[in-house]
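This report covers residue contacts, nonpolar cores and cavities, in that order.

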Amino acid sequence: MAATTAFGIAAGLCVAGGAATPAVADEPAATEIVVPDPGSYTPREDLLKHAGATGYAHTLQGTGTVWTDYATGTHTPIGAEQAAGHSGLSAAISGEPFDQPRTVTVSDLATKAQKTITLPGRHIWAKAYNADTAVSYTTDGSKVVSLSLWQAAAEGAPVERPVAELPAAITPLVVLEQDTKGALVRVKSADGVHVYLLDYATATLKRLPDVINPGNFLVLGDRHVVAHAPFGEQVFSVPRDNPAASPVTTPLPAATGTEGPGTLFTVVGDSLLFQRTLTYPHNDFERGNSVRAMPLGGGTVTELLWRAEEDGFVIAPDGSVLVAGGDRARDWAVRRITAGTGGAAPQVASVTKIPQFPATYRGLALGGGRLSYLADTESYGMTGLYDVDTTSVFPTTARLRTKAISPRPGLVSLGDGYTAYQEGNALYSPLTDTSMRRASLPGPGEVVDAAGRYALVRSGSTIWVADLENHHVSTPDVPLTLTDPAAALWDAKVWKPAAAVGQVNSYDLTTKATSAPVDLGSGCKPTELQAVGRWLYWACGAGKAGVHDLTLKKGVTVPTGEALLGDGFVVRHEGDKLRLTDAATGQTTDFADLPASASGSGRRATWTVDKFGGDVAYVDAQSRIHVRKVELPRQPMTALRSSVPPVLSFTDQVGLEPEVSWSPVWRFSRPVGPWRIEVKDRNGQIVHSTGGSVGDGAGVETKWNGTGAGRGLLDGDYTWSLRVLPVGGVAPGDERTLTGTVRLEGSSLTSDRGTYVPITPTRIMDTRSGLGVPQGKLGAGGWARLKVAGAAGLPSLTVASVVLNVTATNPTASSFVSVYPDGTPVTSASNLNFKAGRTVSNLVKVPVVNGYVDFYNKSGEVDLVADIAGYYSSRSGGSTYQPVTPRRLMDTRAGLGVPKAKVGAGGTVTLTVGTKYTALAMNVTATNPTASGFVSVYPYGTQRTSASNLNFTAGQTIPNLVVVPVKDGKITFYNHAGTVDLIADVAGYYTH
């Protein structure tokens, strides 16, 4: 059985008002659109080598090993010897015999300036150096006899600066870390192996404490020498200007979550910077973990970067630290971390932006003007499936449909706004952001063709026809298996080779009938078939290929090679070109520039054809996707097999709000433009109508909950009529009309809308943060459209009206706000009236139209906040309201209903009202507040949300009507700040 998996409630109607005849777009669609490269999730690798005063050496993925200037960002290629340097310098020694003088050449990578320092014969260069100094030593064959610093002079021989007081009987030293001021060296003597600090300024060699030993990871910072044992949980440090001092121990925070036992670290100023390694599989797709800072010796830990290149710290000559990192791939940059001042945490600044790595496309599909692609854009190594509507004048941005773990090659369009791909042994087709259709397959394969509810999957020489709308448990999701790899799908017909050579026939998946043979005139058995309406493409290996016109019963030959058939044309990839052949004339022309594919022709991976829409999509050298129209005549729009349920049944539905609706999908051969559907009762009265300016690709999908004018409808047959125009079509000549009936069964919805369902108050709109609506104040005469259907756990289809606590805050002028049904004219009625600078709340009940309510601001600018308290359902089963004579239930001043005391900051009081009530309507008053704040009223024993019911300033008395659910017979009141007295007067109650 093809399963539909729902992960949540996500449904809605696309409603369009206006004239009965579908409108035609004022402007034609562009002939080409370009979708930007989405970029890979994994940042471009940037391995830092060392940093100087004006630039840094690094290996950048896709660029190579280069020196990059801070100021200009200019890359200059460098070699391995230069990359192995330090502090923006590199050095090399000449090749004369050991007993002869040899020259050390120090190069500045930024300026390309060089200094030469000649060492006497029999001196061994220690590979330690800075811009004008080289270090050498002599031995007696096994022990070091002398250690010298040779400083270049303006003229003549270099100046020797011997290092005095060498440890006795030491072996040749090995440089572990170095910078322009000195080096950490490993020295072996009679009492063991130790780490020494060679200081160029004083020409001294000083031993470090034993906890800082060659077995540790070492860092030579500007102020401190730091050591960390592999997998250790503490770091040791000593001041650079007093290396013999007692080591300072800094305990590391314990690893958490996905962090591994390894720690990477460096030092800036008096702060330790550290980075925990990541465990598998996170280390497989993340460049590294977060970078955090803490004072040496311990203290507050501060996160500086969310992610950074693992083991990528380098220290610049000024003591700052460079690292590649950021929040995500498009935010990745080489960043400089500098010491904080006055005990503050280190500061981070961007140095050079690292270009995002181009996305790797794993599938490209185009159907009915809907572009879809699979790309490595998601975290956890997942692949994102995105789509873009290319039929509108202003194409929308790419929208994420789902994330796949490891999809197999191949992505196909079903034509009706949906796509299909294979993962494991199943075919998947996302319906919404949270639901998916699934068809089980006998094994792995590659999906190669699709239309409507069906898809073709090739596995070796076998073709499986998968049904994504198979709802019968006892019936397999593969209704047809072909042992010949040549097959094509159009509508519900599978084209395949017939018994005679050069002939094909079609099998109808709905009627189970096989057509009469069609002679292609090829004289060979096809190894590949494709079908689009009247056109059949065939190929016999690499020998010959052609297109047969089923209407005119004739064909033309076309060039061979991996090709895709469109409506009246064939496209193939040849060299660095996409070439297009007219199926009517056989004429071939260059269509677009396309880089050569790394694997085959790149068909369905880097280029594809819209067999429903007449467009071609391809990926250019910059990983952008182009969608270009083919300027050839199209076939007239025809209706294909649709999925229109004959019955909308409420029988056996359970629960307070059963989410059931009539959900037809009509499919066509061309992209759908304006459309409208009407549903009429037996008397010819319209009970439901909706429409849109554009369809879903080459399809129309809508929903109807079985109600009319806000009321339930009687059981019986209802007639529907759908009128559509193709994109770019003109009525009446291009208009198509479909009709049918739907039976309504088991409806009990014969009463007026209005039963109330209380919920825990929940914030669903806040213009300050962009919750529910775009972020930003509502300007003078401005309006906002808020979707309430499906929000905060509300049903998607049965919400008649909602109860909102609406707050106006930060107004710049005296004004009023109106809350009104979506799509209706705004009137002079107001719900909130306020003065400049005041915060005002009010409880509002507003009808819901199209799943939305609208907000209008008269003057100035204002932020609006809306907390939902409940809704009125168009179904039975909610609560009914009973008004009462107002009566005081609670007064904290007198101890009525609750203890006698003001409610403190962050404090609550709970009022017992009785278990017979589902909700109460109360007038709640806050008085004598000592500070500005807010009060929230919510069901007892539930988690308080961010919703507020009263907002006030110090000394202000303010009332507001509140409707709040009752839980266990109780209601809780919360005060945010200061102290305040609360009063509650009941106005009515709700019961089942």
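## Surroundings of Ser801

Which residues does Ser801 touch, not counting residues up to four places away in sequence? They are Lys845, Val846, Pro847, Val848, Tyr871 and Tyr872, where contact means heavy atoms within 4.5 Å. Ser801 belongs to strand 69 (residues 799-809); strands (E, at least two residues) are DSSP runs, numbered from the N terminus. With a relative accessible area of 9%, Ser801 is buried (under 20% relative accessible area, 1.4 Å probe, protein chains only).

The model is predicted: local features need pLDDT of at least 70, side-chain atom pairs count only at pLDDT 80 or more, and totals for chains, interfaces and linings use all residues. Residues are numbered from 1 along each chain as its sequence is written, and side-chain values use heavy atoms, with hydrogens and water left out.

## Nonpolar cores

A nonpolar core is a set of buried Ala, Val, Leu, Ile, Met, Phe, Trp, Tyr and Cys residues joined through side-chain atoms within 4.5 Å. The largest has 42 residues, and Val494, Leu509, Tyr537 and Val547 have the most contacts inside it. Strand 48 (residues 535-540) gives the most to this core, six residues. Apart from it lies another core of 31 residues, including Leu832, Val844, Val862 and Tyr871.

## Cavities

There are five cavities of 30 Å³ or more. A cavity is a set of points on a 1 Å grid over the protein atoms alone where a 1.4 Å probe fits but cannot get out; lining residues have an atom within 4 Å of a point. The largest cavity holds about 250 Å³, a volume being the space filled by probe spheres set on the points. Of its 19 lining residues, Val448, Asp449, Arg604, Val609 and Lys611 are the closest to its centre.

Key
Buried < 20%, exposed > 50% of the residue type's maximum accessible area, 1.4 Å probe, protein only. Helix = DSSP H or I, 4+ residues; strand = E, 2+ residues; numbered from the N terminus. 1 Å grid on protein atoms, 1.4 Å probe; cavity = no way out; pocket = protein on both sides within 12 Å on 5 of 7 lines; lining within 4 Å.
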